[in-house]
Amino acid sequence: MSKLRFFICIFCFAGLAGLLAQPVGVNSLKGMSLNGATGLFSIPTARVGWEQSSDFALDLGYHATFYRNQNAHIPKVSLSLFRWVEVHAAFDFQPLGGPNNNRGTDFIGGAKIQLPLTNTAIALGGNFQALHLERASDDRRYNAGQVYGAVTYRGLFFNLPAETTVVIGKTFREDYSNSDIDFGMGFDLLLLPDVLDGFIHWITDYANFSYSHKPFRADAWTRGVLNTGLRIDLSIIPVFHRNKFVIDLLMTDALDSTRAFSVGTVFGVSIR
């Protein structure tokens, strides 16, 4: 079986499993991935930022990643429309230098459409990446992009409410051709729901692609990338109840020696 057929089978199986799964009472936190899309850390989910709750809403986010004496900063914004569409954008400010002096400032923008089907969320999306923007006259500047489909479904993991996401897609790079297929999988596990009342989620994702084609300390191009950490839902606090307020504490590329730590936050408001 070819690689493409293999991953298509996995994606279809995951979608079928989600369609057959019984809904479980897990609160979908709808935080931001590192590139601004509603998602886990590297991978998007099939959720949009304010599905089933607001026709027009705005999320503002920020992640900082720390590795030794270097750090990167990613401010981002996401707009949710009509409860089934989102558009997002982020700037990835990386320190100059590194291997082959190939870091700098990147722009990532994208969109996602959720298909109104069942309790299982299914979405199609994509993003555009303008990499090394400050090197306008340098041959290291190039563009990339990704298209993907995502399935997110609810279930139980060790008797704890969880959401599982499967993503399959394709990344394209300017003036470069390959036959690689993007594949990622992750989960949002609600920790001790009876005690913590949905306050803390354990987020883990693993993929053969990262949040951009040139990530900072989350490089997936050799062994894939695994990110894991806690996502804290502060909207449970009564004063924030009408808003979205999320804190991320995570380890990027946790299985490799280049692992780094990242902290982030997302604050969202419903405009209508």
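A residue counts as buried when its relative accessible area is under 20%. In this predicted model, F245 has a relative accessibility of 18% and therefore falls into the buried class. The ring partner of F245 is F267, with the two ring centres 5.6 Å apart and the planes at 85 degrees, so the contact is edge-to-face. F245 belongs to strand β11 (residues 244–252) and F267 to strand β12 (residues 260–270), so their contact ties together parts that are 22 residues apart in sequence. F267, at a relative accessible area of 34%, is partly exposed.

The structure holds 5 aromatic pairs, and F91, F93 and F107 are joined by ring pairs into a cluster. Charged groups also meet rings here: the charged end of R173 sits over the ring of Y142, 4.0 Å from its centre, while K170 lies over the face of F172 at 5.0 Å from the ring centre.

Turning to charge pairs, the model contains 8 salt bridges. D55 and R83 form one of them, with an N to O distance of 3.0 Å. D55 is in the loop between α1 (3–20) and β1 (56–67), and R83 is in the loop between β2 (70–81) and β3 (85–93), so this bridge ties together parts that are 28 residues apart in sequence. Both ends are partly exposed, D55 at 30% relative accessibility and R83 at 36%.

A further salt bridge pairs D59 with K244, whose closest N and O atoms are 2.7 Å apart. Because D59 lies in strand β1 and K244 in strand β11, the pair ties together parts that are 185 residues apart in sequence. Here both partners are buried, with relative accessibilities of 1% for D59 and 8% for K244.

The side chains of R223 and D256 likewise meet in a salt bridge, at 2.4 Å from N to O. R223 is found in the loop between β9 (200–207) and β10 (225–233) and D256 in the loop between β11 and β12, so parts that are 33 residues apart in sequence are tied together. R223 is exposed, with a relative accessible area of 52%, whereas D256 is buried at 14%.

Notes:
Residues numbered from 1 in each chain as written. Predicted model: local features only at pLDDT ≥ 70, side-chain atom pairs only at ≥ 80, totals over all residues. Heavy atoms only, no water. Phe/Tyr/Trp six-rings, centres within 6.5 Å; stacked < 30°, edge-to-face > 60°. Helix = DSSP H or I, 4+ residues; strand = E, 2+ residues; numbered from the N terminus. Buried < 20%, exposed > 50% of the residue type's maximum accessible area, 1.4 Å probe, protein only. Lys NZ or Arg CZ within 6 Å of the ring centre and 35° of its normal. Salt bridge = Lys/Arg side-chain N within 4 Å of Asp/Glu carboxyl O.
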